[in-house]
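Here is a report on how the chains of this assembly meet. It takes one interface after the other.

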Amino acid sequence: MSRARHMLTAIGVCGSLMLLAGNSVSFYEEALPTTMNPLFSRGMVDKRTHELIFDRLFFRSAITNELKSNLVSKWQKVDNGKKIKVYLKDGIKWHDGKSFGPKDVCFTVDAMLNPKTPSPVAKTFRETLVGCEAFPKERSAVIEFVKPYHNPRERVSFSILPVHAFDSTAVSPDLDFSSRPVGTGPMKGSKGRQAVTFTAYPNGHHNPKISDMQSQEGGDPFVQVRTLLTGGVHGVVAVAPQHRPDVRASDDVALKSYDLRSWWYIALNTNKGALVRREVRQAIDYTIDRLQLRELTIGVKPDDPNSPCEFVSGPFVGSSPYYNRAIKPRPKKDAAKAAALMAQAGATEQAGRWILDGEPITLRIGMNAPLDSEAKDLLNQIGNQLQEGGFDRQVFKVSNDEWVRLAVTGRLSDQYDALIGKWSFGVVEEVNPMFHTRTAEGKGVLNIFNYSDPEVDTILGQYDAAKTDTEAQDAYHELHAYLAEELPYIFLWKLDTKSAWRNEVRNNTISPFYYFTEFDSWRL
Amino acid sequence: MKWWMRPLVRLIAAILLPLVVPALITGALWALPGDPASIICPPETCDGTEALAERFNLHRGPVFFYMQWLLAAMSLDFGRSWTLMAGTPVYEEMVSAVPMTGALVVLALVPLLTGTVTAALGWLPRFLDGIWQFFGLIPAVILALFAAAYVEISFGVTFGDWRPTAWRLVLGALVLALADGTLAGAIVGTRSVFEEEVKQRYIQVAILRGESTLSNAIPNVLPGLIGQMRGRLLTVLSGAVVVEVILKIPGLGGLLWDGTLSQDYGIVLAAAFAFSAFSGALMFVQAIAEIAIALYVRRSPAGVGEST
Amino acid sequence: MRARRERRWPYGVAAALLLLVLIVAGLSAPEFVSSPTALSGQAVGPFASPPFGTDERGIPLYEYALQGARIVAFPAAVAGAVVMMLATLAGLVRCGNLPWLDTGLQAAGEIVGALPRMVVVLVVALLLGYDQKGLLPIAVVWALLAAPAAMDEAAASAGRLGGTRFVEALRAHGFSAFRTYFIHVVWKNLRPVIVRQGAEVMMQVVFLEIALSYLALQRSTQSFTHTENLYSWATLLYQGYSWMLFVFQPIVKVAAGESEWAVWADAVWVNMTTSELDGPGVQSVLVGFVLVASVAATAQLARAAARAR
């Protein structure tokens with residue numbers, strides 16, 4: 001560390017702490033939320049923001065991992081799990097002062113079931129929900145499912161919307177509610193173009209200790225960390241791995257784990273060009289040198305014992321019960337195996353390039369642009385490795401907006417051969433929407449390249465039908481093994497997400513996935 | 001060409017401009033592949049695209065959409081944001097953005113007008129021209145970077161503090177005035193216009209008659225100077241997009257940029273309309289000024305025929 | 001007269017050389033920047049890795065410079081040529097006894113010139129598909145929007161020359177149409193205006209590309225102006241922005257009397273001279289500034305070389 005850095009640290013500590021006065025907290029988010037209506041939530045930023053403003057009917061505790069509810073005082077299975085009856089707590093108010101009741105719960109269910117509600121979130125719940133009946137006198141609601149579930153509370157973890165804020169159950173994304181929401185969560189929020197501001201709303205079931213909060217789009221990771229270290233901001237939601245040592249070295253800032261269960265992948269277009277052939281996909285997998293890639297983009301040395309980045313061989317993180325440990329990840333490239341597979345696919349090598357059916361193989365590769373801040377230049381480094389392996393490449397960055405709007409909806413499948421992205425999960429790591437054949441009934445809604453394999457659909461069906469955790473694990477272990485061979489995705493790694501908060505912010509338990517679930521305990 | 005031709009063309013263009021730009025954008029929206037409503041609601045992930053198309057007037061083609069948009073825009077109803085600030089009335093965004101850009105432009109006008117007036121009066125030494133011209137060669141993006149770095153380091157993310165916003169506006173205005181040769185053009189351009197004019201014979205005659213140079217020259221140079229100033233204001237407005245994004249000023253330029261990136265046509269249409277309306281207004285003012293000056297110059301001079 | 005003409009030629013040679021360097025750099029740019037296989041060469045200074053050093057990933061900065069030149073060289077030249085062509089046309093029309101065309105051009109110029117340029121550029125960018133993303137269409141649109149001012153000035157210059165009367169006088173001397181229009185009107189009289197306007201638009205297009213790419217980098221999205229395998233000069237400035245924060249912070253403190261210049265200057269010197277740079281981007285921002293300055297210098301030299309006698 002040079003003198004410049006020492007000087008900066010000293011100046012920063014002394015000079016800028018003045019900015020952190022009062023009971024207000026400011027932090028850098030990865031982006032601004034796209035909407036404040038949880039029905040139209042698109043990404044992790046949306047989910048984190050909505051967690052402060054709304055209450056989900058049930059959620060998992062970050063401390064005990066139990067399913068809990070801030071809204072429900074007691075619940076019971078009805079018809080052997082075909083229905084769930086929830087009794088609501090008294091004294092809960094919406095942020096506009098109106099009382100919360102069972103009609104709100106049923107309105108939310110009805111809104112999700114209304115086909116005129118153009119919500120991707122609702123589409124997932126439509127697969128499991130049938131309807132809802134409210135019993136205002138006993139402050140209860142009965143929610144019905146399409147089939148019995150052994151743990152029905154897991155199926156009703158949606159945010160509750162206020163019936164009085166809408167004219168009909170057909171909820172549109174362009175209503176005022178999407179920018180000025182009314183929730184029952186610990187904070188009242190409103191979105192501006194530069195920031196989201198939150199104000200505490202003490203309630204029967206919430207007692208936030210922080211009066212005001214503001215989140216802003218982070219931008220350059222280096223600037224975020226600098227501003228944090230110099231006291232210009234209280235927290236950074238995601239600190240890029242290369243800047244973590246700076247944060248660790250600071251006495252004023254704590255690096256905190258954020259369990260996001262994210263894994264990175266290269267989705268391959270199995271319906272287009274050379275990638276239709278499994279051998280070519282496998283050859284590409286052998287061409288990728290994950291060790292080198294990780295070092296060049298994230299800065300992790302091969303012998304680093306505390307690597308924030310673990311390789312994965314399938315669509316789950318290593319700690320997941322669904323991860324099949326029999327399938328080993330492939331850290332290093334194997335040019336000989338790649339060449340053998342290409343030869344098997346009928347390709348010939350000419351001047352270092354693979355020729356298939358008389359044409360060189362050119363891959364159009366896109367990457368979700370924000371990944372660049374966590375793994376610098378990943379797109380070009382993957383491109384370089386493929387080029388070195390004999391595959392021509394064209395590389396493109398896909399903006400986050402286009403990614404959520406077009407890529408995950410399968411609408412870029414005619415434009416790209418490969419897309420680099422990351423999926424994040426909560427406690428339930430359900431990958432059916434990514435790999436099931438896309439159907440009109442709402443299956444395979446996140447299937448990037450409209451991959452379709454009857455064998456995979458059968459396995460996913462087994463997971464769906466599982467009545468016990470073991471059955472579900474068996475199905476996903478089988479899926480893991482099958483996908484590692486079939487390779488509609490090349491699985492890269494799981495990268496730890498770390499947040500950094502200044503020490504002034506105390507008791508800040510970070511919940512997996514939703515982040516602010518335990519916000520009531522945060523204090524300044 | 002008749003003297004009134006140019007002002008007339010300007011008047012017509014001024015009126016047409018705010019109508020043509022949204023029409024072009026509407027055309028662009030339909031020129032893009034796919035159904036415009038699918039931008040808000042991709043049918044692959046959400047049902048109800050048709051209902052949404054109807055709500056946004058996208059269901060009956062570009063002409064219907066444009067006419068509906070225009071009619072609503074007449075009463076300042078620009079609809080709602082599609083994607084960027086989904087659900088927010090665009091009017092509200094405009095109401096918060098226009099004053100910011102307005103302040104930026106007005107603040108940028110301060111050095112520009114000062115430079116113009118002092119150059120016209122000959123108060124600004126010629127040897128300083130090199131300084132303005134040097135800064136004029138620096139692109140706005142670089143000057144804005146320095147300004148942004150200063151504000152970022154000085155203030156970080158602060159709550160309810162007016163100072164960072166004020167600094168951003170002042171520095172942004174300074175960048176807009178200095179960069180791309182705007183201030184240099186105002187000073188050097190005005191001076192050269194006046195220098196050319198005072199060489200004219202009528203000025204020399206006026207001097208011999210004991211009249212002031214300025215009062216004689218101004219009616220003749222004013223149309224040119226107004227035209228120059230309009231050009232500079234357009235440059236400032238164009239540069240506002242870059243400066244607002246880099247300096248994080250929540251103005252019209254930033255709104256247009258963000259709207260473009262998120263394909264939020266609700267925002268893009270309204271922001272482009274505002275830009276073109278401003279440009280049209282400048283053109284209108286220029287045309288009226290030209291007509292007024294032309295009429296003033298063409299009237300019989302006062303005192304002619306009374307005494308010599 | 002002879003002495004002044006002789007004094008102008010070095011400007012022309014210098015401008016031509018700089019332009020040539022830009023074009024050659026663009027032509028020789030690699031399609032992809034080097035892939036560093038070892039990380040030992042990360043963020044080293046110009047002395048350790050000539051000529052400009054490397055960035056924090058170990059990629060030589062000269063490769064960024066070459067790729068940036070590749071993005072801007074051709075579109076900027078085309079934009080300059082479009083403006084020069086249209087300005088020439090306007091000047092010739094003013095001299096050519098074509099009042100209806102002259103009036104038409106002026107009217108069209110009024111309307112096109114009043115369009116908010118950045119708005120039009122962004123709409124064009126919206127229209128460009130994945131495969132059409134590039135600076136050329138944007139540069140041409142920019143040139144068309146900038147052309148009315150150039151045409152107006154060229155026409156005014158031709159008007160001051162005498163317009164049709166000037167042409168009639170030359171024709172009366174028995175000059176051919178080519179000699180009258182292209183030698184006497186364009187080359188000898190309109191050249192300063194045409195070259196200056198062309199050079200300025202070239203420079204504007206380069207600066208526009210830098211601005212658009214910078215904004216895209218700031219918003220973590222793909223630039224409208226180039227494909228992702230190419231790096232704009234904006235990348236150098238973006239890398240340098242972090243360093244600017246590094247430098248600015250002490251400057252602010254120095255200005256506030258909380259530190260001394262000597263401490264700041266020492267820290268900067270350490271960064272400049274050590275091979276393991278602490279503040280990333282110092283050399284990036286310097287290279288970026290030099291490139292921008294060279295473009296501005298090219299325009300100024302061209303302008304000086306073509307100025308009126």
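## Interfaces of chain B

Chain C and chain B share six residue pairs in polar contact, with both residues of each pair at pLDDT 80 or more. The model is predicted.

**Chain C against chain B.** Six elements of chain C each give two or more residues to the side that touches chain B. They are helices H3 (99–114), H4 (117–127), H5 (135–161), H7 (177–218), H8 (233–255) and H10 (282–306). H7(C) gives the most, with nine residues. By residue class, this side of chain C has 30 nonpolar, seven polar and four charged residues.

In total, 41 residues of chain C are in contact with 44 residues of chain B. The area buried between these two chains is about 3,900 Å². Carbon and sulfur atoms give 79% of that area. On the chain C side, C:Glu110, C:Leu126 and C:Leu215 lose the most area to chain B. Together they account for 17% of what that side buries.

The rule finds four salt bridges across the interface of chain C and chain B. One of them joins the side chains of C:Glu110 and B:Arg230, at 3.6 Å from N to O.

**Chain A against chain B.** This contact takes 40 residues from chain A and 43 residues from chain B. The two chains bury about 3,400 Å² between them. Carbon and sulfur atoms carry 52% of it.

Two salt bridges are counted between chain A and chain B. In one of them, the side chains of A:Arg180 and B:Glu92 meet at 3.0 Å, N to O.

Several elements of chain A each supply at least two residues of the side that touches chain B. The strands are E1 (24–29) and E10 (212–217). The helices are H4 (120–126), H5 (221–229) and H12 (400–407). The residues of this side divide into twelve nonpolar, 15 polar and 13 charged.

| Interface | Buried area | Share on carbon and sulfur atoms |
|---|---|---|
| Chain C and chain B | about 3,900 Å² | 79% |
| Chain A and chain B | about 3,400 Å² | 52% |

Key: Residues are numbered from 1 along each chain as its sequence is written. Chains are lettered from A and ligands numbered from 1 in the order in which they are written. This is a predicted model: local features need pLDDT of at least 70, side-chain atom pairs count only at pLDDT 80 or more; totals for chains, interfaces and linings use all residues. Side-chain values use heavy atoms; hydrogens and water are left out. Contact means heavy atoms within 4.5 Å. Buried area is the accessible area (1.4 Å probe) that two parts lose on being put together, summed over both. A polar contact is a pair of N or O atoms within 3.5 Å; within protein, one must be able to donate a hydrogen and the other to accept it, and residues adjacent in sequence count only if both atoms are side-chain atoms. Helices (H or I, at least four residues) and strands (E, at least two) are DSSP runs, numbered from the N terminus. Ala, Val, Leu, Ile, Met, Phe, Trp, Tyr, Cys and Pro count as nonpolar, Asp, Glu, Lys and Arg as charged, and the others, Gly among them, as polar.
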